[in-house]
Amino acid sequence: MSHYLSNYWLLYSEFINLFKTLTYRNIPIAIMTNFYQQIDEELKLCMEKKDFQTQLKHATINDTTDIQPFFANLIPKMTNSIKNVENGNVLINLDYLRITGKKINECFNKEKTVILSRSKNPTYSDLPNLFIGNFKIDTTESSKKIIETAYELFNKLKEHPAFGNAFFKNTFLQRIPLIVDAIATVFNLYEQNAISTVIVGTTEDMVSRALGIVGLMNGIPSICLQHGILMGEEAFMPVFTSKVAVYGEYEKRWYIERGLDSKRIATIGHPRYDDIFNYPKVSKNEFLKKYNLDENKTTILIATGPNTNSNQFKKMIDLLVNNNTFQLLIKPHPWELAKNRVKLYVELMRKYKSVQVVTDRIVNTHELIANSDIIIASLSTVALESCLFNKPTFVYYFVISNRQYDYFNRLDKYTQKDPDELVKTLSTYCYNSDEKQNYENIKNNFLADSYHVKNSGKELFNLVCELARGDN
């Protein structure tokens with residue numbers, strides 16, 4: 001574990017231990033905040049130093065396996081104030097879910113399923129919708145008292161390396177009213193509705209986290225779907241739901257290493273990938289015409305990442321365009337499109353006739369993968385998806401960061417940090433049958449460990465039924 005990550009968990013436990021008196025409805029406020037978002041760059045630099053931990057006097061997470069047990073002990077034991085109703089509805093929180101309404105309808109009985117969203121519409125994709133605003137109450141006074149106590153605690157910790165940091169302090173204080181509001185809202189929601197099981201897309205947001213924690217307190221089982229490949233550890237730990245639904249065996253090992261009981265891990269994939277296995281073939285000619293591509297050339301789709309080293313990326317493109325049989329289609333990361341950080345890609349398109357850029361923000365990534373011949377992707381789900389599409393996939397690791405991520409290391413030499421080596425490996429693959437077979441073997445082993453579920457929607461439905469019956 002890096003110095004930063006080691007110090008992150010130490011600091012997180014110190015924060016909770018020192019601020020544990022701040023509670024609402026018996027829930028510690030400190031476990032409801034998305035902790036890593038309180039850490040600015042200045043503090044992060046300090047945490048990358050090994051001796052940072054010497055300044056922490058109340059930290060109690062000393063080993064990786066301590067992470068989940070530490071947080072599990074903070075959640076109040078079942079209070080039974082809300083009765084778990086076996087015949088109640090499945091509640092699906094729409095935020096960050098990444099499952100289409102069509103897919104939800106395929107998987108679940110509309111008579112026994114309700115959606116929770118921020119929309120006032122009575123239905124969502126023919127399913128009954130609960131507007132979350134209907135369950136809110138005025139929590140101003142409760143928040144005010146907690147904020148006053150928090151100020152007193154911070155004033156005693158002005159010399160602390162993190163709690164004396166203005167950004168850390170202000171971010172947490174600003175979140176207290178939102179946290180209290182989320183907890184109160186979820187308690188009201190559960191008290192007013194018969195819910196048998198809850199599905200959330202992540203527990204990084206306050207409402208989803210509250211759905212899990214209040215559910216655990218009151219016997220309402222919950223499932224958190226995996227919202228992307230495991231890169232930033234802080235976005236996936238700790239677990240606040242009864243179960244985590246993961247992509248494959250890699251993730252199962254990963255969670256167990258961090259102290260989560262294997263019984264709480266369900267290797268069921270994610271319904272968002274189900275369509276890959278029966279993806280309708282769109283017209284190749286329409287695709288080529290849409291992106292001004294030549295039918296006689298090998299189309300390489302390049303999916304970028306938000307933290308790519310631009311010099312290394314540019315070098316990779318320069319090397320690839322030297323091969324006249326290649327044409328490149330660059331798909332910027334959604335974050336780059338949202339922030340209009342696509343200048344480099346547009347410049348490369350102007351420079352080379354064989355380079356095109358996808359600027360459509362709502363483009364169907366599966367359509368791009370299905371119609372391309374080879375995929376080059378950053379450390380992202382696109383690389384996993386293209387492997388599932390059975391497309392030759394090469395991963396580049398040109399990130400501006402000291403962090404190390406090992407998820408794609410199982411692809412061996414088909415993951416590269418050096419643009420020269422990546423292009424060399426790709427070129428060898430294109431012209432060497434032995435290399436193609438070697439790639440197939442490695443890719444198949446990778447998928448066996450990473451994702452082997454053909455119908456995740458069905459697996460999710462079965463898991464929901466098991467939890468509702470109390471089988472797990």
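1. The buried residues of helix α16 are E435, Y439, I442, K443, F446, L447, D449 and S450 (buried: under 20% relative accessible area with a 1.4 Å probe, protein chains only; exposed: over 50%). Because they cover an arc of only 160° around the axis, they sit on the same side of α16; the arc is that of the directions from the helix axis to the C-beta atoms. On the other side of α16, S433, D434 and N445 are exposed.

2. This is a predicted model, in which local features need pLDDT of at least 70, side-chain atom pairs count only at pLDDT 80 or more, and totals for chains, interfaces and linings use all residues. Residues are numbered from 1 along each chain as its sequence is written, and side-chain values use heavy atoms, with hydrogens and water left out.

3. Helix α16 has 18 residues (433–450), which should span 26 Å at 1.5 Å a residue; its end C-alpha atoms are 25 Å apart, in agreement. The expected span is 1.5 Å times one less than the number of residues.

4. The cover over the buried residues of α16 includes α8 (249–257), α14 (381–388), β15 (393–396) and α15 (419–431). At the start of α16, a side-chain oxygen of N432 comes to within 2.9 Å of the backbone nitrogen of D434.

5. The largest cavity holds about 110 Å³ of space. Of its 16 lining residues, C224, L225, F236, V244 and Y255 are the closest to its centre. A cavity is a set of points on a 1 Å grid over the protein atoms alone where a 1.4 Å probe fits but cannot get out; lining residues have an atom within 4 Å of a point.

6. Strand β9 (243–246) and strand β8 (222–225) each supply at least two residues of that lining. β9 gives the most, with 3 residues.

Terms used. Helix = DSSP H or I, 4+ residues; strand = E, 2+ residues; numbered from the N terminus. Contact = heavy atoms within 4.5 Å. Polar contact = N/O pair within 3.5 Å; in protein donor to acceptor, adjacent residues only side chain to side chain. 1 Å grid on protein atoms, 1.4 Å probe; cavity = no way out; pocket = protein on both sides within 12 Å on 5 of 7 lines; lining within 4 Å. Points joined across faces, edges and corners; volume = space filled by probe spheres on them.
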